[in-house]
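Student: I have just opened this structure and would like to talk it through. Could we begin with charged side chains?

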Amino acid sequence: MTKQRIFKQIFLFLLISSISLSAQIKQDEIEKKVKDLLSKMTLDEKVGQMTQADMNALVDPADVEKYFLGSVLSGGGSDPKDISAKGWADAYDMYQSYALKTRLKIPMIYGIDAVHGNNNIDGAVVFPHNIGLGATNNPELIKNASRIIALEIAGTGVDWAFAPCVAVGRNERWGRTYESFGEDPALVSKLGKATVEGLQTNDFSDPTSILACAKHYVGDGGTTNGKDQGNTEVDLPTLRKIHLPGYIAAIEANVGSVMASYSSWNGNKMHGHSYLITDVLKKELGFDGFVVSDWAGIDQLPGDFKSDIQQSINAGLDMVMIPNRPDQPNNYVEFIKDLKELIAEGKVSMERIDDAVTRILRIKFAMNLFGNPYTDRKLTELVGSADHRKVARDCVKESLVLLKNDGTLPLSKNIKKLHVSGTGADNLGRQCGGWTIDWQGKEGEVMKGGTNLLQAVKKTVSKDTKVTYSLDGTGAEGSEFAIIVASEKPYAEMFGDTTDLSLNPTDIAAIENVKKQGIPFVVILYSGRPIIITDVIEKCNAFVAAFLPGTEGEGVTDVIFGDYNPTGKLPVSWPKCMNQIPINVGDKDYSPLFEFGFGLNYKK
């Protein structure tokens, strides 16, 4: 070994040792601050830190101060009146101002479902949903995308994203399939870890660092019949093999929070599962962040609200997400009262309370919320910027999976006449899917700044190309080629489960109408999961699975018109028929229409 190589190895060893020592010193300082602050806190202040109230559930914003609330969230559709980036920043700063009026001035942390961009903000950049990102199989790209998302979240003051979803989707009937990176635990783990790294960065105290939240712990993608909030009926080795790896990877990336799942494991609700939350997640895996409930998740436990609190807190929940209940307009007040009573009755120990509060404070100090509690308005100006849209466009073009091509793709930009049709062609809402402005998504031009496929085509082709459009494929006569954009209606959790994954009748009509004219055509499919296309794919010249690409439609035209040679690979197995579902790679009788990992390109 040469002296130069020896010196290089010594230098690297000293550098790594120095970084490790510096990190340990920083962590020791945080633990000291947490311990000191905890010693000064009253019971009311501690219980307040464990309470997360929905913005719409707050009777008065001043209740943040009155009840020492540790967190506020905006659930699906719970938004300020002004949903621009500035409007959100103003709302965040207002709630934070109340938290800083408390005796100990502990800042609150604000959480949102930013699951494919800062998707609650009008004008933000919306990225492909996770199933599309899974098709890229590109952790560096996903990390970069998550960094952009973090910047757009930080620009609104918000400091906590309920992402990534590291569910392993094992049944296409499940309405949250698109929130999963795919059916393979290794793929989910790799991309989930990249998302955490992009959101939180290497320096958690960076003002642009956003608290990530691995969800939904654990097994939500494996429920029987794909039922949302259902029952995952597998043995412990299978749970560990399929559904746990994503959390192990997230913890390796220092994820700061984990959200419990609505679902059950063999009949036992996760929100009250002491073994999986405390023994496995916290003790075995060494997770030292905090565990938050899902929206009213503890309400699904057996018994009354007080017993729900007792069971969930003792199981290891550290913070409870509390929206309104129909019978209780200020449910968070009831939660605080009941938890204090449970402590007085000896049914919840102070040791458990102190552990929960320690975990929450640890994250707040690590994020330097005490030093930077308010919105950096310079970041607000960056929301929806051209540079951010370019990254999303890169994600789109890498997410497209070419399932069929007889040589007609890529198209020439100088084509004389082109017809565009289908339910998704002139509909940004369908291009983005659920969790876009509204909880369940919306039809039409859902937000400012986006580009739908029809608009993208018109931007891409030459000025001499005549582009016509119809919803159902009529009026295509005389065209050299047709693009049919089939789509699912937008949906999200609870309402997205289905037993029928047939193609939309309007899109079937568009395909038939174009086919009658003898015009060659490509079908581009916007969907949150595989749709049954066995008959349709025989009729078209080319077929592209675009999943739910988000606001940047030009990423689709980049592929269709040949500026990018498709690289996307299926992150899920594509079934031939409904009777074949569930179908996953590794099954004994595995014969899908398209296998996991399938994807064509333009051979040159």
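Student: Which residue does the side chain of D318 meet in a salt bridge?

Tutor: The partner of D318 is K282, at 3.0 Å from N to O. A salt bridge here is a side-chain nitrogen of Lys or Arg within 4 Å of a carboxyl oxygen of Asp or Glu. This is a predicted model, in which local features need pLDDT of at least 70, side-chain atom pairs count only at pLDDT 80 or more, and totals for chains, interfaces and linings use all residues. Residues are numbered from 1 along each chain as its sequence is written, and side-chain values use heavy atoms, with hydrogens and water left out.

Student: Are D318 and K282 buried or exposed?

Tutor: Both D318 and K282 are buried, that is, under 20% relative accessible area, whereas exposed is over 50% and partly exposed lies in between (1.4 Å probe, protein chains only).

Student: And how many salt bridges does the structure hold?

Tutor: There are 34 salt bridges. Another one joins E345 and K306, with the closest N and O atoms 2.9 Å apart.

Student: Why does E345 count as partly exposed?

Tutor: E345 counts as partly exposed because its relative accessibility is 41%.

Student: What about K463 and D464; how far is it from N to O in their salt bridge?

Tutor: That distance is 3.6 Å. K463 is exposed, at 78% relative accessibility, and D464 is exposed too, at 62%.

Student: New topic: where is D159?

Tutor: D159 is in the loop between α6 (139–154) and β4 (160–161); helices (H or I, at least four residues) and strands (E, at least two) are DSSP runs, numbered from the N terminus. D159 is buried but has no salt bridge.

Notes. Lys and Arg count as positive and Asp and Glu as negative; His and the chain ends are not counted.
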